[in-house]
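Work through the exercises below with the structure in view. Try each task before you read its solution.

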Amino acid sequence: MRSVVQSIDYAAIAPAVIVALTAFVVLVADLFLPPPRKHLLGWLAGLGLVAALVSLLPLWDSPRQTFCLPAPNAGLCSYEVTNLTLILQLLALGGAFVVVLMSAPTIEERQLPAGEYWFLLLCSVTGAVTIAAGRDLITLLVALELVSLPAFALVAIDRADRWASEGAVKFFLTSVVSVAVTLYGISLLYGVTGSVHLAGVAAALTDATLQPPVVSLGVVLTLIGFAFKVAAVPFHGWLPDTYVAAPIPVAAYLSVVSKAAGFAGLLLIVGLGFAPYVTVWGPLLAVFAALTMTLANLVALRQRHAVRLLAWSSIAHSGYAMVPLAAALAPGSAELPIGDALLVTVTYLLVYGVMNLGAFAVVAVVARDRPANRLLDYRGLIRTRPWAGVALAFFLACLAGLPPGLIGLFAKVVVFGSAVDGGVGWLAIVMAVNTVIALYYYLVWAAQIFAPAPVPTMAEPVAAPVGAPLGASAGGPAGALAASGPTASSSVIDVGPVRATSAVPLGLGLAVGLTLLVGVILSALPQIVLQVLVNATAGG
């Protein structure tokens with residue numbers, strides 16, 4: 001009798017296991033810690049993420065496989081660690097650590113349930129770490145839902161905020177639809193290929209006797225399901241309202257870690273599973289990329305609310321990240337092989353993650369004094385909070401691809417080059433036009449930072465933004481949502497409620513400082529990213 005007992009490579013699964021165990025410990029510790037000591041749970045969550053990051057070190061240049069099928073299907077594994085896996089896990093764990101730094105003051109000031117918050121966050125991170133190593137369609141789908149399900153609750157964790165509940169419901173309904181579409185696509189592929197492992201699916205798709213219409217439909221439906229997760233147009237409708245309704249650290253988490261998890265799944269299925277059908281999914285992703293970056297940048301031009309602007313910017317960057325995949329050519333091509341396309345996209349996601357987390361961290365700092373978080377609230381920031389103004393200006397320059405944010409320029413050049421190498425010159429032109437469009441709203445925001453600070457009138461009431469519901473103030477949730485639209489032209493600048501400049505909590509300051517430090521280092525030494533790219537190519 002053939003044994004079905006498998007040996008488990010615990011070193012390979014250590015990052016995911018450490019985060020999952022930390023989530024369990026946090027949940028149990030929450031039962032016993034008195035309220036004055038609940039802040040220790042944040043330290044525990046941060047230490048768990050650091051331990052998971054350390055566990056990545058011995059795995060570099062050491063490919064590992066576990067949860068593999070026995071003979072005659074030897075070589076088909078559900079969990080595999082390569083350098084590409086480690087880069088994605090680094091992004092997930094590093095991004096989550098910055099979110100932990102941002103979250104501690106938010107939990108205390110908004111009186112959120114600390115134990116539930118940290119447990120949900122760590123559970124979601126566990127899914128993000130797992131999906132990077134998943135090598136079968138079922139593991140990828142389950143891990144992706146492990147990312148999403150806790151995120152629904154994180155968005156709505158402030159039970160007193162009805163806007164948060166509305167944003168969570170939109171997020172939930174969209175996710176349900178995406179899962180249904182993805183499952184239907186996977187079922188078609190399994191019925192045709194007889195395998196759910198990516199290597200097995202890729203091998204089966206080379207068989208010319210398969211039914212091409214059925215296979216193509218399965219590939220398209222699976223990709224559409226993942227397009228929901230990365231908020232590609234036209235599956236993006238949930239994202240702006242969800243970001244605005246969620247606590248700012250949760251919005252930062254969704255924009256970087258959750259998005260990276262969605263892209264990880266997309267990269268793996270197209271690069272490892274659907275490679276023989278690149279002629280089907282390549283043009284589809286090209287259309288998604290063009291629509292996503294164009295619509296998002298055009299809508300972003302009209303935004304006047306900081307978080308909503310970052311939300312639309314996040315959608316646009318999803319379009320940029322899909323460009324290398326859309327330009328990928330068939331296996332064996334000498335111009336832009338699929339493997340190189342995957343690594344270009346991962347590199348772009350790394351750069352985007354650092355810059356976007358930094359921007360959200362500064363937004364969280366400003367929101368302490370200006371809860372409406374309109375672009376007008378950043379007027380004169382360079383004088384009221386010089387360090388925050390400099391940091392935000394740098395992050396915006398990186399996102400726009402302007403000096404001194406050279407790492408952002410480097411990332412865009414690499415992506416642009418992939419489109420040219422892949423023979424999709426029209427997509428390179430679309431990206432160039434959209435980069436110019438994006439310059440406008442990034443520069444408008446940056447101009448507010450360096451503009452003279454207005455002199456507020458203490459006796460004036462807080463003005464509601466144009467289009468706000470009756471009775472809504474700029475500082476409330478309704479005002480924050482309405483402030484995303486264009487404001488009426490006036491010679492009087494509404495500066496919102498006047499507050500003294502408050503002290504910045506240590507964790508929030510560290511989040512800004514850490515992302516700024518990484519951004520400056522990468523801008524000064526962009527060859528670091530290039531070296532990582534080369535090593536990942538050499539090491540698998």
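Helices (H or I, at least four residues) and strands (E, at least two) are DSSP runs, numbered from the N terminus. The expected span of a helix is 1.5 Å times one less than its number of residues. The model is predicted: local features need pLDDT of at least 70, side-chain atom pairs count only at pLDDT 80 or more, and totals for chains, interfaces and linings use all residues. Residues are numbered from 1 along each chain as its sequence is written, and side-chain values use heavy atoms, without hydrogens and water.

**Exercise 1.** Describe the length, bend and cover of helix α3.

*Solution.* Start with length. α3 covers residues 83–110, 28 residues in total. From first C-alpha to last it reaches 40 Å, close to the expected 40 Å.

Next, the bend, which is the angle between axes fitted to the seven residues ending at a residue and the seven starting there. α3 bends by about 35° at Ser-103. Pro-105 follows within four residues.

Then the cover. Buried means under 20% relative accessible area, exposed over 50%, partly exposed in between (1.4 Å probe, protein chains only). In α3, 21 of the 28 residues are buried.

Finish just past the helix: Gln-111 has a positive phi of about 55°.

**Exercise 2.** Classify the aromatic pair of Phe-235 and Phe-288, and place its two residues.

*Solution.* Take the rule first. Rings of Phe, Tyr and Trp (its six-membered ring) pair if their centres lie within 6.5 Å; planes under 30 degrees apart count as stacked, over 60 as edge-to-face and the rest as tilted. The whole structure holds 12 aromatic pairs. Phe-235 and Phe-288 lie 5.7 Å centre to centre, with 80° between the planes: edge-to-face. This pair links distant parts of the chain, 53 residues apart. Phe-235 is in the loop between α8 (212–229) and α9 (239–245), and Phe-288 is in helix α11 (residues 278–300).

Why does Phe-235 count as buried? Its relative accessibility is 16%. Phe-288 is buried too, because its value is 7%.

**Exercise 3.** Find the residues with the most contacts inside the largest nonpolar core, then list what Met-102 touches.

*Solution.* A nonpolar core is a set of buried Ala, Val, Leu, Ile, Met, Phe, Trp, Tyr and Cys residues joined through side-chain atoms within 4.5 Å. The largest has 179 residues. Met-102, Trp-118, Ile-269, Trp-281 and Trp-445 have the most contacts inside it. α13 gives the largest share of this core, 22 residues.

Now Met-102. Contact means heavy atoms within 4.5 Å. Leaving out residues up to four places away in sequence, Met-102 touches several residues, including Ile-248, Pro-249, Leu-357, Phe-360 and Leu-508.
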